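This report describes selected packing features of the structure shown below. It takes up individual residue contacts, a helix pair and the nonpolar cores in turn.

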Amino acid sequence: MKRQIFTAEHDAFRETVRTFLAKEVLPHYEQWEKDGIVSRDAWRAAGKQGLLGLAVPEEYGGGGNPDFRYSAVLAEEFTRAGAPGLALGLHNDIIGPYLTDLSTEEQKRRWLPGFCDGSLITAIAMTEPGAGSDLQGIKTHAEDKGDHWLLNGSKTFISNGILADLVIVVAKTTPEGGAHGLSLLVVERGAEGFERGRNLDKIGQKSQDTAELFFNDVRVPKENLLGEPNGAFVHLMTNLAQERMGIAVAGIAAAEYLLEITTAYVKEREAFGRPLSKLQHIRFEIAEMATECAVTRTFLDRCIVDHSNGELDAVHASMAKWWATELQKRVADRCLQLHGGYGYMTEYRVARAFTDGRIQTIYGGTTEIMKEIIGRSLLG
C-alpha cells in the first residue's frame with residue numbers, strides 16, 4: 001500500500017538523510033562497531049547537514065520545524081541502513097524537547113546552538129542499578145545548598161554516556177522522591193565529582209556508547225535546574241510518548257527491511273534443486289510477515305500523523321511501541337531462520353539486525369510496562 005503521510009519536502013529530506021548516511025556513516029560504521037563508539041566528527045557532520053535540532057527554533061540554530069514526520073524519516077533511514085549507533089533520535093526526539101520546552105532563555109542560548117551544530121552531545125540519565133522503568137525507585141539525590149545542588153548517586157545503561165557533554169540527570173530533591181520529589185539537573189562535562197564508568201559491552205548496537213555514570217558530591221549550579229523543582233515526574237511523562245513513537249517507527253522500519261532482504265534471499269537460495277521460495281512453508285512465512293507488517297505500518301503511520309498534529313495520547317503511543325517492537329523481534333527471528341546458517345553469520349545484515357534490535361522491546365519502557373499502561377487506561 002502506498003504511504004500517504006509524506007509530502008515532497010519530506011521526500012527531499014529523505015534523500016538528504018540517505019546521502020549523509022552514504023558519505024558520513026556507512027564508510028566508518030564497521031570501525032565504530034569495533035571501537036564501541038562513534039566519531040564526534042559524525043555528530044558535527046550531522047549538525048552541518050541540518051540533521052540535529054530539527055524542532056529547535058531557528059534563532060538558536062535549529063530547523064524550526066516540529067513536524068514529527070521528519071524525525072520519522074530519520075529513524076526509518078538509519079534503521080534501513082543498519083546504523084543505530086549514531087543516536088540522532090535520542091538527541092533530537094528524546095532530549096531535545098526537554099531543552100526546548102523547559103529551558104530558560106539563558107539556558108537556551110547556552111546549550112541549544114551546540115546541540116544543533118553537533119558540538120554538544122547529550123544524554124539523559126534515568127535508569128539506576130536498582131531502578132529501571134519504576135521512577136519511584138530512584139535513589140540518586142541532590143541536596144539544596146543555597147547557591148547549588150549537591151548531587152550524589154549513580155546511573156547505568158546511559159546511551160551516549162561516554163560522548164555526552166551534557167547529561168540531564170533525574171534526581172530526588174525531597175526525601176520522599178517519587179511523583180512529587182524528583183527534579184531534572186543538567187550536569188556538564190568536566191564537573192568535579194562527575195565520573196564515567198566503563199563503556200558497557202552489549203550484544204548489539206556496539207557502536208552506541210552506553211555507560212555507567214557516577215556522581216560524587218557534584219556541585220550543580222542552581223541555573224542548571226531544568227524545569228520546575230520537584231516537577232521532573234510530570235516533565236518525564238509529558239515526553240515519553242514521543243520517545244516511544246521514535247522506537248516504534250524504528251521497529252516497523254526494521255521489520256519491513258528484514259522482510260525485503262529475506263524475500264530476495266529465498267528467491268535466490270536453492271534447496272532440493274529449486275529456490276526456497278517454491279516451498280509452500282516459505283511462501284506462508286513470507287505471507288504472514290508481509291501481512292503483519294502491512295497492518296502495523298497502517299497503524300504506525302496514523303500514529304505518526306496524530307503525533308505530528310499534537311493529538312497522540314500515551315495509550316496509543318504505548319500500543320505502537322510494544323506492538324511494533326515485538327513484531328520486529330518476531331520478524332528478525334523468523335528471517336534469521338529462513339537464512340539458515342548464513343543468518344548466524346555477522347557479515348549478513350539479518351544477523352546484526354537480530355542483535356541490534358533485541359533492545360527495542362526493553363528500552364523506552366518494556367513491553368510489559370506498555371501493556372500495564374494500556375490495561376490501566378481500560379480497567380482503571
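Predicted model: local features only at pLDDT ≥ 70, side-chain atom pairs only at ≥ 80, totals over all residues.

Ala75 is in contact (heavy atoms within 4.5 Å) with Gly246 and Val249, leaving aside its neighbours within four places in sequence. Ala75 lies in helix α4; helices (H or I, at least four residues) and strands (E, at least two) are DSSP runs numbered from the N terminus.

Residues are numbered from 1 along each chain as its sequence is written, and side-chain values use heavy atoms, with hydrogens and water left out.Gln328 is placed in helix α9. With a relative accessible area of 6%, Gln328 is buried, a term that means under 20% relative accessible area, with exposed over 50% and partly exposed in between (1.4 Å probe, protein chains only). Not counting residues up to four places away in sequence, Gln328 touches Ala250, Gly251, Ala254, Ala255, Gly357 and Gln360.

How do α5 and α7 pack? Their angle is about 140°, and their axes are 9 Å apart. Axes are lines fitted to C-alpha atoms, for helices over the stretch in contact, and angles run from 0 to 180 degrees between N-to-C directions. The two helices are therefore oblique to each other; angles under 35 degrees count as roughly parallel, over 145 as roughly antiparallel, 65 to 115 as roughly perpendicular and the rest as oblique. The residues that meet are Asp93, Ile94, Pro97, Tyr98, Asp101 and Leu102 in α5, and His235, Leu236, Asn239, Gln242 and Glu243 in α7.

A nonpolar core is a set of buried Ala, Val, Leu, Ile, Met, Phe, Trp, Tyr and Cys residues joined through side-chain atoms within 4.5 Å. Two such cores are compared in the table.

| Core | Residues | Members named |
|---|---|---|
| Largest | 59 residues | Phe78, Leu86, Leu88 and Met245, which touch the most other members |
| Second, separate | 27 residues | including Tyr98, Ile138, Val170 and Leu184 |

The largest share, 10 residues, is given by α7. Phe78 touches Val17, Phe20, Leu21, Ala83, Leu86 and Leu88, not counting residues up to four places away in sequence.
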